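Please look at the sequence and the 3D structure shown below, and keep both in view while you read the paragraphs that follow.

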Amino acid sequence: MSEHDDRLVRCFASVFPMMNEEEIRASNVVPLFDLDSLAGVTLVTLIDQEFGINVELSGLLELGSFEAISQFVRKQNPFEVTRE
Amino acid sequence: MNLLRALELLKQPVAEPASDRELFLACGFTPLHLKTFLAAHLRHRLPNDRIKIGIGLYGDLVGSLERLTPSRGMVVCVLVEWGDLDPRLGIRSLGGWRSADTIDIVESARRQSERLADLVKQLAEKAPVYVSAPTLPLPPMFTTRGGQANHYECELREITASLATSLSAHKRVRLLSSQLLDELSPLARRFDVKAEITTGFPYSLEHASTLAELLAGLIQDSPPKKGLITDLDDTLWAGILGEIGADRIAWDMAGHAHMHGLYQQFLGSLASSGVLLAVASKNDPALVEQAMARNDMILSKESLFPIEAHWKPKSESVGRILETWNIGAADVVFIDDSPMEVAEVHAAFPEMECIVFPKGNYQVIWDLLKRLRNCFGKEVVSSEDLIRLNSIRTGSTLRSSAQNGGSSIDDFLVKAEAVITLYFGSDASDDRAFELVNKTNQFNLNGKRYSESDWISFFQDPAAFLLTASYEDKYGPLGKIAVVMGKTFGRKVHVSTWVMSCRAFSRRIEHHCLKYLFEKLDAEEIVFEYKSTPRNGPIRDFFAELLGEANGPAPSVHRASFDANVPVLSHHIVEVANV
């Protein structure tokens, strides 16, 4: 668990308010974006705003799962402190 | 507010008791995050409103406005950008930026702007409309270098300036201040080219949030403050009167005191729009009289009433001023250069906005003037605004006379040669009635306030009526001072709103209003939607006097009972019906 993960969960939770944290961590964005086209654009914007990472919507779709997106974010910001 | 905060705010439940508010966001671009920010800023300002935002079609602002039929209570926001005037002024259209195209673009923009103005004005007849003129930079399509303004660029700006001028003159259109937006959102940081190309949303997040915040502020439309109490030494003028004398206090450049002159000029502007001004100063009253008699004062002495100049605590002075004005502390701003005096007054009147005058600091005084304009800003200056101070001055004199063994109220009313003019109808465009209902606290049936859209909706019901009253006697006019709103159900009248200005107390205007309703509507009973508020004691007292102990939570009065209890009404009545 890291601060990164918590912040990413907040981003997901604000875009998909019906999902709880457990569902978010197990989620894949591809079917979610199929259901709500604006959600993808909003999540891309939130990741840019929260982490300063400029990712394309197509990039998020390629990454797919929350875990893969989380790893991508950690890679872009490697100095984030891991939470105990 | 950032986007995450906005989304999280919108996840919070609406505070109870909640009411629905419908808003239509008309723009030619994808509203995307602007819609989120607008909803969030409105939630922040109006926590009891369940806000539903509808949107139009992408790329068709004019069509969206043409198709819109506002529902009851709806407000409309119209955000115009350059691409709405001609798609070639946006960057998603590749219709051509050749120099030969420019004349055609300008002409097309002019026609579209006129069309937009007409549509917005038509809509404003049915719902309040909030408009933002183009906020984004024009594209680099002109033949001159960036540092040089091109003739056609100027023509385009003239077109949008004309659009803004035309719309701002309409009473139900609120135009967003481009000057304030310029201050808060720098032009260079507004346009997000990538977002515009990839999603059709042209604003940076920062700009979208600022724009939404300003629009939400316009929609919230909080009532203006009513009075300002100012100190004198080192505030209204530079210098300590008791130390240097009336001749040497200053408010001009020669005395290195120009900002005090500017402050006086600003107060004069407030006074001319009906804001009450008074003085609370620890000073020798004779010296203050001398200083006020100087004929180079920028602010007229007549604009200040009352003037409390003595050595007693400032909170005592402020208390007496509030009593004379008959308004609450929350409606007043107090200004003094001494932080200690400001603290003393604030401790006595916590609801009052108390500000330290930043003497010697040019920039902060400038900012203070802008802050004050925000406190006292109003839509229109009515004829009542122009006579308010005079009627308070007269009322104060009459009260003093009565306290000093003067005549009874009956004698006074007979001798005053009072004339009440009653206006009856269902005209929602009565701005003074709308203003009175939304700012009166004391003689107020239930404290209910109306948004513009609620106001318009109320009078769309055929059963609804609006009765207003203006008053004049030999001491001068009070203007329009009472409003009764309600609906008729056969011979029963349901009054949902009743307010009367505190300047009109003790003149039996309230009795005349009821008498008129009984007669005009051939009513048998009038039922009042009464609710006690912390400040509506005067109307509670009126009911107690008229109805006695039977006065319950939903008081009503029958015609026979009213006729038996009504006191002598000696006024001359003028009726203006069907307005």
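D234(B) counts as partly exposed because 19 C-beta neighbours lie inside 10 Å; a residue is called buried if 20 or more other C-beta atoms lie within 10 Å of its own, exposed if 12 or fewer, and partly exposed in between, with the C-beta atoms placed from the backbone. D234(B) sits in the loop between β6 and α10 (241–244) of chain B, where helices (H or I, at least four residues) and strands (E, at least two) are DSSP runs numbered from the N terminus. Although D234(B) is not a glycine, its phi is positive, at about 60°. H256(B), which is not a glycine either, has a positive phi of about 55°, and its place is the loop between α10 and α11 (258–272) of chain B. With 11 other C-beta atoms within 10 Å, H256(B) is exposed.

This is a predicted model, in which local features need pLDDT of at least 70 and side-chain atom pairs count only at pLDDT 80 or more, while totals for chains, interfaces and linings use all residues. Residues are numbered from 1 along each chain as its sequence is written, and chains are lettered from A and ligands numbered from 1 in the order in which they are written.

Strand β6 of chain B belongs to an open sheet of five strands, which has the order β8-β7-β6-β9-β10 and parallel pairing; two strands pair if DSSP finds at least two bridges between them. At the edges are β8 (304–310) and β10 (353–356) of chain B, each of which pairs on one side only. On average, and with direction ignored, neighbouring strands of this sheet are turned by 15° against each other. Between β6 (residues 227–230) and β9 (residues 332–336) of chain B, which run parallel, there are four bridges, and T230(B) stands opposite I335(B) in β9(B). In strand β8 of chain B you will find P306(B), which a cis peptide bond with omega of about -5° joins to F305(B).

Helix α13 (residues 314–325) of chain B lies across β6, β7 (276–282), β8 and β9 of chain B and runs at about 155° to β7(B), whereas helix α14 (residues 339–348) of chain B lies across β9 and β10 of chain B, at about 175° to β10(B). For such angles, axes are lines fitted to C-alpha atoms, for helices over the stretch in contact, and the angles run from 0 to 180 degrees between N-to-C directions.

Elsewhere in chain B, the 26 residues of helix α5 (residues 99–124) should span 38 Å at 1.5 Å a residue, and the end C-alpha atoms are 38 Å apart, which agrees; the expected span is 1.5 Å times one less than the number of residues. Among the buried residues of α5(B) are T102(B), I105(B) and L123(B).

Chain A has six helices and zero strands, and 21% of its 84 residues count as buried. Chain A touches chain B through a contact that takes 11 residues from chain A and 10 residues from chain B, two residues being in contact if their C-beta atoms, placed from the backbone, lie within 7 Å. On the side of chain A that touches chain B, α1 (3–15) and α4 (37–51) of chain A are the elements that give two or more residues, and α4(A) gives the most, with six residues.
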